[in-house]
Amino acid sequence: MKVGIYKHSKTGNLYRVHFIAKHSETLEDLVVYEALYENKKSKFWVRPIFMFTEKVELNGKKESRFVFVSK
């Protein structure tokens with residue numbers, strides 16, 4: 001997984017992936033990322049890597065949930 005800027009396919013919002021962390025109990029890989037837009041709920045987020053990289057259905061097509069944009 002590359003560190004850098006990703007676009008959310010559904011919303012078009014941009015996020016910066018900072019690093020991959022491990023869940024302390026399960027050792028599951030978690031993506032630590034930052035919203036690059038005004039978000040009142042939180043600036044930083046974590047998501048299991050399998051969810052971050054999975055394909056989702058949009059407009060009847062399977063697309064990546066997040067798409068790498070740049071470093």
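Student: In which strand is R16 found?
Tutor: This is a predicted model, in which local features need pLDDT of at least 70, side-chain atom pairs count only at pLDDT 80 or more, and totals for chains, interfaces and linings use all residues. Residues are numbered from 1 along each chain as its sequence is written, and side-chain values use heavy atoms, with hydrogens and water left out. Strands are DSSP runs of E with at least two residues, numbered from the N terminus, and the one that holds R16 is β2.

Student: Is R16 buried, partly exposed or exposed?
Tutor: Buried means under 20% relative accessible area, exposed means over 50%, and partly exposed lies in between, with a 1.4 Å probe and protein chains only. R16 has a relative accessibility of 31%, so R16 counts as partly exposed.

Student: How many bridges join β2 to β3?
Tutor: Two strands pair if DSSP finds at least two bridges between them. Strand β2 covers residues 14-22 and β3 covers residues 29-35, and they run antiparallel. In this pairing V17 stands opposite Y33, and the number of bridges is seven.

Student: Which strands stand at the edges of the sheet?
Tutor: Five strands form an open antiparallel sheet in the order β4-β3-β2-β1-β7. Two of them have a single partner strand each, so one side of each is left without a neighbour in the sheet: these are β4 (44-48) and β7 (66-70).

Technical notes
Helix = DSSP H or I, 4+ residues; strand = E, 2+ residues; numbered from the N terminus.
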